[in-house]
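Subject: Structure handover

Hi,

Please load it first, then read the notes below.

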Amino acid sequence: MPYTAPVAEQRFVLEHIVRIAELAATERYHAASPDVIEAVLEGIGQLAEGEWAPLARAGDTVGAKWTPDGVVMPDGYKAAYKAYVEGGWGTIGVPEEFGGQGLPFAVQCAVLETLGSANMGFALAPILSVGAIEALQHHGTPEQQATWLPKLATGEWTGTMNLTEPQAGSDVGALRATATPRGDGTYSIKGTKIFISFGDHDLADNIVHLVLARTPDAPKGTKGISLFLVPKVRSDGTPNDVRVVSIEHKMGLHASPTCVLSFGDHDECVGELIGPEFGGMRAMFTMMNNARLNVGLQGVQVAEAATQKAVEYARERIQGAREGQPAAIIEHPDVRRMLMRMKAQTQAARALVYYAAGQVDRANLGDAAARDRLEIATPLAKAHGTDIGNEVASLGVQVHGGMGYIEETGAAQFFRDARITPIYEGTNGIQAADLVGRKLSLSNGAAFATLIEDLRGAAHPALGELVAACDSVGRRLQTADADDRLAASYPFLTMLSVATCGWLLEREAAEAGDDAFGKAKKAVVAFYLDQIVPEALGLRAAAEAPAAPLYALEAEAFAA
Ligand SMILES: Cc1cc2nc3c(=O)[nH]c(=O)nc-3n(C[C@H](O)[C@H](O)[C@H](O)COP(=O)(O)OP(=O)(O)OC[C@H]3O[C@@H](n4cnc5c(N)ncnc54)[C@H](O)[C@@H]3O)c2cc1C
């Protein structure tokens, strides 16, 4: 499917939201000079447009296939992945000490945005590897880092995340996979994991599985979980005892094999402990936090691609007339409403996710306030970013009319691909619970207060009103009864996300010039502030409602 990387927009957001020049002035991110950023954005655009986007359709229609010898990707994927590895794209955000290019996480996000807009399912492979690299960087021993990081960084090997089991989805603490010491410092891993993205494939020589499991006599729940590195091929070159039982037949994302993996069928599955025993959740959170931003980024990816496709269609499809002349549908006000909304929401999601990514980089530089901002921004970026991806993909189908429902246009593929993003990496309901349960009261409410202080700079009257509403509802929720807090969590998450997006977009509009890009930016931001911000104000009643009405029906009565 044709796709054009939005280089000017990405550069603008890196400049004015991430404030990349401030990062480039530090020793750690000195590589992020303007010409390097330009070369990265242009270069990844060429790879995505020329090699990854043309494979998206085959990814959907042919998809990854299970065979007794392992999962096989559709034709062309191996070569396109090789081009990614050889271009050095995997090493962008990896620190120089681990053989990477040492660029900020925000720049890596821009790279992954472009790859994912071109081919969302395929881009999950590098996204998961980024998570594995992060976990090893922070929790691996120097020996583990030396063994596994270099080839994970280049992308010669890929990484996976193994949490889910049939009885343990959102409730990770219910997992049962076991890890028994073998007496030589390694562990024997046994158990079944389901829904493992890129759990097997033929793109790379090895796959580094990061697996959550329990050691003997481990305490129940999340406290007793440890993290293990379980390679597909051991470091001595022998195959490990990991079997791909099957891959799922699913709604979308067919280029991403979603595997059932069985570890230790023959009691020969060898794993290494990463971090301390029972430190699994902490280590996994390192992986999950960035993965959550990367899933929010998938919302941006699909929204950008769906918008480009809808705009192209709307300019060509003739239907009806305006001023006596046959009109392309882009001339009709309601189609314009949809397209403006698609553009505004896409830019809002990008601003939010890149902003959060920039806080990762600042936190890495030791900025404690940035760490607080990131803690709050993470559930917003994941949940609201993916909600936007779904809304925009759905509008994309609508703009295409009946043709949107017909597979050959590709609008339906975006819609199907997007649907998983509010579900995996912690459902959006779990993100909302995290926001009101843990993040609002972080540092005695100081983290939330910092964000609200930032947002108070808002100039648009409706945005000012929304910020005040978020402040009042958020402070009330900090002391509310747990049920009331959880009942309010989702509407509140949306209010706070829209307020943050509005504030970021206002900042963008203030920096926009009078060229074509700047004029378009100001028009899109005005639309967001005038039309989307007031909708979020309407959620206040729901965010202030007690939980009781949600329990007005007994569970059985729902079925009546
Ligand atoms: C395509 C695909 C790829 C995936 N990739 C991976 C992967 O690579 N690695 C991996 O480990 N997993 C992966 N997953 C699993 C995914 O992370 C889980 O599906 C997800 O965490 C939800 O768990 P569940 O499916 O068991 O749903 P459930 O936990 O059963 O949730 C069902 C519903 O109940 C809600 N709910 C559950 N508990 C609560 C609660 N406490 N409070 C409020 N609401 C709640 C949820 O929000 C949801 O709406 C993948 C799944 C899919 C479909």
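At roughly what angle do the axes of helix α15 (residues 446-455) and helix α17 (residues 482-511) cross? They cross at roughly 45° and come within 10 Å. Axes are lines fitted to C-alpha atoms, for helices over the stretch in contact, and angles run from 0 to 180 degrees between N-to-C directions. Helices are DSSP runs (H or I, at least four residues), numbered from the N terminus.

Two notes on provenance. This is a predicted model, where local features need pLDDT of at least 70, side-chain atom pairs count only at pLDDT 80 or more, and totals for chains, interfaces and linings use all residues. Residues are numbered from 1 along each chain as its sequence is written, and side-chain values use heavy atoms, with hydrogens and water left out.

**α15 and α17**
The two helices are therefore oblique to each other. (Under 35 degrees counts as roughly parallel, over 145 as roughly antiparallel, 65 to 115 as roughly perpendicular, the rest as oblique.) On the α15 side, Phe448, Leu451, Ile452, Asp454 and Leu455 make the contact (heavy atoms within 4.5 Å). Their partners in α17 are Phe492, Leu496, Ala499, Thr500 and Trp503. By class, that is 8 nonpolar, 1 polar and 1 charged. Nonpolar covers Ala, Val, Leu, Ile, Met, Phe, Trp, Tyr, Cys and Pro; charged covers Asp, Glu, Lys and Arg; the others, Gly among them, are polar.

**α10 and α17**
Helix α10 (residues 333-364) also meets α17: their axes come within 9 Å and cross at roughly 95°. α10 and α17 are therefore roughly perpendicular. α10 contributes Ala344, Gln347, Ala348, Ala351, Leu352 and Tyr355. α17 contributes Thr500, Cys501, Trp503, Leu504, Leu505 and Glu508.

**α3 and α5**
Helix α3 (residues 34-52) packs on helix α5 (residues 77-86) at about 170°, axes 10 Å apart. That makes the pair roughly antiparallel. Leu47, Glu51 and Trp52 of α3 touch Ala79, Ala80, Ala83 and Tyr84 of α5.

**Ligand**
There are 17 residues around the ligand (a heavy atom within 4 Å). Met161, Thr164, Ser170, Phe195 and Thr427 come nearest.

- Thr164: a side-chain N or O atom is 2.7 Å from a ligand nitrogen.
- Ser170: a polar side-chain atom is 2.6 Å from a ligand oxygen.
- Phe195: a backbone N or O atom is 2.8 Å from a ligand nitrogen.

Best wishes

Methods: A polar contact is a pair of N or O atoms within 3.5 Å; within protein, one must be able to donate a hydrogen and the other to accept it, and residues adjacent in sequence count only if both atoms are side-chain atoms.
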